[in-house]
Amino acid sequence: MKCLILGGAGFIGSHIADALVARGDTVRVFDRPNINLVNLSTCLQCIEMMTGDFCNLRDIDRALAGMDAVINLVCTTLPSQSNENPAYDVESNVIGNIHFLEASLRHGIQKVVYASSGGMIYGHPQTIPISEQHATAPLCSYGITKLMVEKYLALFRQLQGLDYTVLRIGNPYGERQRIDGNQGVIAVYLGKLLKHEPLQVWGDGRIAKDFLYIGDLVDAFLRALDISTKEKIFNISSGSPTRIRALIDVMAQVTGIQPVVNYTQQRQVDLPVTQLDVSLAASALGWVPKMSLESGIRRTWDWVRQLNI
């Protein structure tokens, strides 16, 4: 298979690229100009690297040429910042994706796998765990635009026959996630522990999130790429929520470092609990998460300790 990974030089995309190369697929990675390629160092000699602007039609045509399938990881905003400029969120993510889908039809793309959000799509949960049939009521522009792209994927399927799969992902973590970023609490906290800096907790630490190790997420992407199913939308996460306080306890046990924790006012985008029902992915894709939280954090910590910081 010839597979294009949009946004493929980052944390998630680089792991997917490794997995696709390992099984013998032809891989092209498209990302923004001047992107740091350190995440791709293990497979850079085995892939085609291409840079450009996702919203530039010529760049997207160039990226899609000769490809069979696309994994789309591109997103220009973060949940906590998307409400500051919703117009930009729509222009760059929704309009950009519509142009991408139109171009995919021109180039005969057979399958699109889209990375959506299991934490931001549903809003306040009415039932726990949250299934794919749960009502969608996003609390931020990020979630709204993710949902809009899902709807356009369904429309292009209905009108033009373009096959697709949406993965509504929980909170992924693991090696190569930025330790200095604005999201990815596990990597950020481990980075602060390494530097003996205090941990910042939004709220009182009772918020519970559904964390997923990167290896399990990559397995879900490969299955979504390979398998065509009647169901098009899948929750992908551990299915087991962990409170932030409990998460910090696990980190202290793994690292042997007792952190200083600063509690600040809770953010509006943070839900009290996120727990995704992943049974549909198990039945339709044969996918189940395998990595325990402690083991995944231990692997991530081993990687963080090797960083030159």
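This is a predicted model: local features need pLDDT of at least 70, side-chain atom pairs count only at pLDDT 80 or more; totals for chains, interfaces and linings use all residues.
The residues of α7 that are buried are Ile244, Leu247, Ile248, Val250, Met251, Ala252, Val254 and Thr255. In an α-helix there are 3.6 residues a turn, so residues three or four places apart point the same way. Just after α7 comes Gly256, which takes a positive phi of about 75°.

Elsewhere in the model, seven strands form an open sheet with parallel pairing, and their order is β3-β2-β1-β4-β5-β6-β10. Its edge strands, each of which pairs on one side only, are β3 (48-51) and β10 (233-236), and neighbouring strands of the sheet are turned against each other by 20° on average, direction ignored. Strands of a sheet pair through backbone hydrogen bonds, either parallel or antiparallel.

Within this sheet, strand β1 (residues 2-6) runs parallel to strand β4 (residues 69-72) and is joined to it by four bridges, with Ile5 standing opposite Ile71 in β4. Helix α3 (residues 86-106) packs on the sheet, where it touches β1, β4 and β5 (111-117), and its direction makes about 170° with that of β4. Helix α1 (residues 11-22), for its part, lies across β1, β2 (26-31) and β4, and runs at about 170° to β1.

Technical notes:
Residues are numbered from 1 along each chain as its sequence is written. Side-chain values use heavy atoms; hydrogens and water are left out. Two strands pair if DSSP finds at least two bridges between them. Helices (H or I, at least four residues) and strands (E, at least two) are DSSP runs, numbered from the N terminus. Axes are lines fitted to C-alpha atoms, for helices over the stretch in contact, and angles run from 0 to 180 degrees between N-to-C directions. Contact means heavy atoms within 4.5 Å. Buried means under 20% relative accessible area, exposed over 50%, partly exposed in between (1.4 Å probe, protein chains only).
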